[in-house]
Amino acid sequence: MSYERRHAPGVPLLEPSDVELVRAMLSLGGVPWGELEDGVQQVRVKLLDAGEEIHNRQAWLSVVASRVAVDWHRRRARDESLGERLAARWTDRPPPDQTEDARVLALTVAEGMQSLPAVQRQVLALRYYADLPVREIARRLRVPEGTVKSRLHTAVAALGRRLRDMEVI
């Protein structure tokens, strides 16, 4: 049975062999094993958004997957830079009204955040450091509000566990 007859017309889906190719390209691009499925989903979305006839499907999937891997590295570097900037802000110029205990706590929280996955660090920083509402975070990340809420819930719980392990709280 052909690809077109198994799926509704105009709704391109990834075949199992396509998924294997995309995972391989993401892995070769340095995306960690635990984040491959997110990368596959990003490629699926780009495939749905393409709206154009793709002449060489494997080549198109390879190029898009490699771009997703590059984006993953850029996002990771940006997240690492954010953590460094937050820590430097408190190290170099602590706010004058902050006590030494508050400064140490802020540095410890920044350190604890570094142990979280990038998507969790991202929503924590946007919500609690940039003080953005959930709706705005969802709009900027182009994800549903429920996804932002879920990520926030998971991130806060993980950070709480990390801080308890560090005997901060």
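**Notes on the predicted model**

1. Helix H7 has buried residues whose cover includes H6 and H8. Those buried residues are Val134, Glu136, Ile137 and Ala138, and I would read them with the caveat that the model is a predicted one. Just after H7, arginine 142 takes a positive phi of about 60 degrees.

2. Helix H8 has 21 residues and spans 30 Å from its first C-alpha to its last, which is close to the 30 Å expected at 1.5 Å a residue. Its buried residues are Val148, Leu152, Ala155, Ala158, Leu159, Gly160 and Leu163, and the cover over them includes helix H5 (100-114), helix H6 (118-129) and H7. Just after H8, glutamate 167 also has a positive phi, of about 60 degrees.

3. The largest nonpolar core has 17 residues, and within it Leu124, Ile137, Val148, Leu152 and Leu159 touch the most other members. The elements giving two or more residues to this core are H5, H6, H7 and H8, with H8 giving the most, at 6 residues. Leaving aside residues up to four places away in sequence, leucine 124 touches Met113, Leu116, Tyr129, Leu152, Ala155, Val156 and Leu159. A second, separate core of 16 residues includes Leu36, Leu47, Val64 and Ala69.

4. Turning to charged pairs, the structure holds 7 salt bridges. One of them joins the side chains of glutamate 37 and arginine 23, at 2.4 Å from N to O, and this pair links distant parts of the chain, with glutamate 37 in helix H3 (residues 36-50) and arginine 23 in helix H2 (residues 16-28), 14 residues apart. Glutamate 37 counts as partly exposed because its relative accessible area is 38%, and arginine 23 is likewise partly exposed, with a relative accessible area of 31%.

5. Aspartate 71 and arginine 74 form a salt bridge in which the closest N and O atoms are 3.6 Å apart, a separation to be set against the 4 Å limit used for such pairs. Both residues lie in helix H4 (residues 57-92), 3 residues apart, or about one turn of the helix.

6. In helix H7 (residues 134-141), arginine 139 and glutamate 136 are 3 residues apart, about one turn of the helix, and they form a salt bridge whose closest N and O atoms are 2.6 Å apart. Arginine 139 is exposed, at 55% relative accessibility, while glutamate 136 is listed among the buried residues of H7. The pair belongs to a network of salt bridges that links Glu136, Arg139 and Arg140.

7. Valine 168 is found in the segment after helix H8 (145-165), and its relative accessible area of 31% makes it partly exposed.

Notes
Residues are numbered from 1 along each chain as its sequence is written. This is a predicted model: local features need pLDDT of at least 70, side-chain atom pairs count only at pLDDT 80 or more; totals for chains, interfaces and linings use all residues. Side-chain values use heavy atoms; hydrogens and water are left out. Helices (H or I, at least four residues) and strands (E, at least two) are DSSP runs, numbered from the N terminus. Buried means under 20% relative accessible area, exposed over 50%, partly exposed in between (1.4 Å probe, protein chains only). The expected span of a helix is 1.5 Å times one less than its number of residues. Contact means heavy atoms within 4.5 Å. A nonpolar core is a set of buried Ala, Val, Leu, Ile, Met, Phe, Trp, Tyr and Cys residues joined through side-chain atoms within 4.5 Å.
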